[in-house]
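Colleague: I've got this model open on my screen and would like to walk through it with you. Can you take my questions one at a time?

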Amino acid sequence: MVDPITVEVVRCCLEYTAEEMGIALRNAAYSPNIKERMDHSCAIFDAEGRLLAQAEHIPVHLGSMAWAIKKILEHLRSRGAELQPNDVIAVNDPFLAGTHLNDIIMIKPVFNEGNVVAYVANRAHHVDVGGMVPGSISAHAVEVHQEGIIIPPIKIVEDGVFKDDVLRMWLRNVRAPEVVVGDIRAQVAACHVGEKRLRELMERYNVEQLLEIFNEILRHSEKLTRLSIKKLPDFNVEATDYLEAVEGEDVIIKVSMRKQEDEVFIDFTGSSPQVSAPLNAPMGITIAATSFVLKTILDPDLVINDGFYRPVHIIAPEGSVVNAKWPAAVGASIETAQRIVDVLYMALSKVIPKRVPAAACGSMNNILIGGVDPESGKAWVFYETVAGGYGGRHGLDGVDAVHCNMTNTMNTPIEVIEGELPLLFTRYEIRPGSGGAGKWRGGMGVIRSFRILAGRALVTIVGERVKRRPWGLCGGLPGEAAKYYVVRKDGSIVHLGSKGSVVVHEGDEVVVETAGGGGYGDPLERNPEAVLQDYLNGLIAAEDAVNIYGVVIKEQRIDYEETMKLRSKKRALSKS
């Protein structure tokens with residue numbers, strides 16, 4: 001029996017090893033998407049591919065890696081491929097790696113006396129992997145081949161040396177190869193850091209003891225997860241939400257959730273079949289979104305590893321939009337991840353409303369742009385996701401201007417973008433009035449816009465919640481819908497809907513107005529002082545204070561007598 005204190009010490013060592021890998025990756029990366037936005041994730045797995053520890057990085061990466069590493073190792077074994085010390089595997093095939101082509105996984109085995117003890121792995125979103133549009137996430141792709149280079153599990157490093165032929169083939173297929181190669185090398189460096197720290201652990205504990213500790217870490221996590229599940233009342237609930245299609249009918253995401261004793265059963269039967277559009281999700285995406293929701297409603301302090309997943313049973317029909325088959329287009333599956341979160345929260349709100357927030361902005365608000373510098377002739381590419389509003393919660397307003405749910409990235413500093421690319425930012429501010437009204441209002445979205453300074457470029461928007469606003473809970477109102485459009489140099493406006501591409505020229509301005517979060521609770525129950533503060537901060541208009549919240553403001557103060565009369569009148573009208 002292993003000492004529980006030793007188990008906890010090793011568990012923390014593994015987690016901080018993953019964190020240190022992330023620091024190394026960020027510091028060595030070239031693209032702003034990784035070095036500034038930190039669009040990467042790191043984790044450690046045992047010899048069977050079971051998740052041991054992960055850093056606090058990107059939910060859509062991490063949850064899918066727990067599924068992906070097992071699939072990748074099975075694939076390698078089926079081919080008879082043998083890994084040696086100092087080999088590094090690269091893979092982005094979504095039907096093995098679990099997300100979309102931009103997310104490249106690097107895996108390095110850690111050996112002891114000829115046997116694999118563990119694997120260190122990381123995933124990073126590359127700014128470009130080829131395909132139809134700069135940034136590689138096309139709104140119009142109908143199959144995965146249109147989305148960029150597909151990399152099966154292949155050695156990018158063999159016996160400690162980069163394989164130049166593989167690297168040359170890879171870089172020939174992407175825009176801005178100078179940036180991409182820097183990010184590749186940064187990922188490999190992060191693997192080296194992880195291996196080094198695991199070797200230090202093996203020097204302190206013998207391998208047999210370490211393997212026993214690994215098993216105990218997973219067993220204990222499973223036990224705590226089951227205890228957290230058991231505290232919930234048994235339930236059987238359903239919900240349906242929608243993704244906005246580029247063409248045709250919107251895509252259905254349907255879920256049935258059942259909790260029994262210390263296990264949860266989640267069934268996505270009834271969701272749309274996979275579509276001829278990039279909204280299809282590999283199974284890894286669905287697992288990632290589901291595990292995110294369960295962690296947030298069960299206990300945010302639960303440790304996520306293989307043990308966490310054992311009491312959770314997910315059914316996602318193969319060939320559906322939540323478990324797509326080859327060769328479905330999957331570039332926008334990160335948007336599907338957001339909607340899976342929404343529909344699971346919607347279902348859970350029927351049994352535990354005080355633990356569940358109203359809908360967040362519901363999108364990562366993907367902005368991709370690229371062109372060719374007219375002076376140097378070099379291609380340039382830029383990708384970022386833009387913050388929105390988080391939903392109101394019981395007892396708390398939603399958060400303004402934050403990356404919500406399945407994304408956990410940082411803001412890309414305007415100074416960095418303007419210093420490297422032919423773009424000039426014209427606005428970056430809170431979007432007033434975008435949060436849904438409620439006793440606890442939804443968070444506000446943002447307005448972010450930039451102008452093209454030279455040449456021409458192709459802009460692609462992959463977003464959501466343009467037609468269907470983020471829903472409120474318990475009487476709260478929906479957040480404002482998103483808007484994506486281009487203002488031409490001559491003043492004309494091109495609306496892009498939630499997904500689309502458009503050519504822009506010098507002087508054109510791209511404008512992104514992200515959705516706000518839904519409100520929670522009856523707006524007439526909101527503290528009048530909170531309404532006044534929102535008004536003074538420019539987040540709501542005076543007419544909204546009166547018409548929605550029933551708060552009368554005169555000379556920047558609350559008229560409590562008039563407010564009480566108005567609220568009583570509004571309540572009487574709503575009952576009649």
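Colleague: Which way do strand β10 and β11 run, and how many bridges join them?

Modeller: Quick caveat: this is a predicted model, where local features need pLDDT of at least 70 and side-chain atom pairs count only at pLDDT 80 or more, while totals for chains, interfaces and linings use all residues. Numbering starts from 1 along each chain as its sequence is written, and side-chain values use heavy atoms, with hydrogens and water left out. Strands here are DSSP runs of E with at least two residues, helices are runs of H or I with at least four, and both are numbered from the N terminus; two strands pair if DSSP finds at least two bridges between them. β10 covers residues 263-267, and it runs parallel to β11, with the number of bridges being four.

Colleague: How do α1 and α7 sit relative to each other?

Modeller: The axes of α1 (residues 4-28) and α7 (residues 207-230) come within 10 Å and cross at roughly 85°. Angles of 65 to 115 degrees count as roughly perpendicular, under 35 as roughly parallel, over 145 as roughly antiparallel, and the rest as oblique. So α1 is, relative to α7, roughly perpendicular. The contact includes Val10 and Leu14 of α1 along with Ile213 and Phe214 of α7.

Colleague: Which residue takes a positive phi in the hairpin of β6 and β7?

Modeller: β6 and β7 (residues 161-162) run antiparallel, joined by two bridges, and glutamate 158 has valine 161 as its bridge partner. The hairpin has two residues between the strands, and the one with a phi near 55° is aspartate 159.

Colleague: Is glycine 433 buried, exposed or partly exposed?

Modeller: Glycine 433 is in the loop between β14 (423-430) and β15 (446-452), and it touches Met444, Glu480 and Leu539, leaving aside residues up to four places away in sequence. Buried means under 20% relative accessible area and exposed over 50%, with partly exposed in between (1.4 Å probe, protein chains only). At 29% relative accessibility, glycine 433 is therefore partly exposed.

Colleague: Last one: what is the radius of gyration of the chain?

Modeller: The chain has 14 helices and 22 strands. The radius is taken over C-alpha atoms, and the globule rule is 2.2 Å times the number of residues to the power 0.38. For 576 residues that rule gives 25 Å, and the chain comes close to it, so it is as compact as a globular protein of that length, with a radius of gyration of 24 Å.

Definitions and conventions:
Contact = heavy atoms within 4.5 Å. Axes fitted to C-alpha atoms, helices over the stretch in contact; angles between N-to-C directions.
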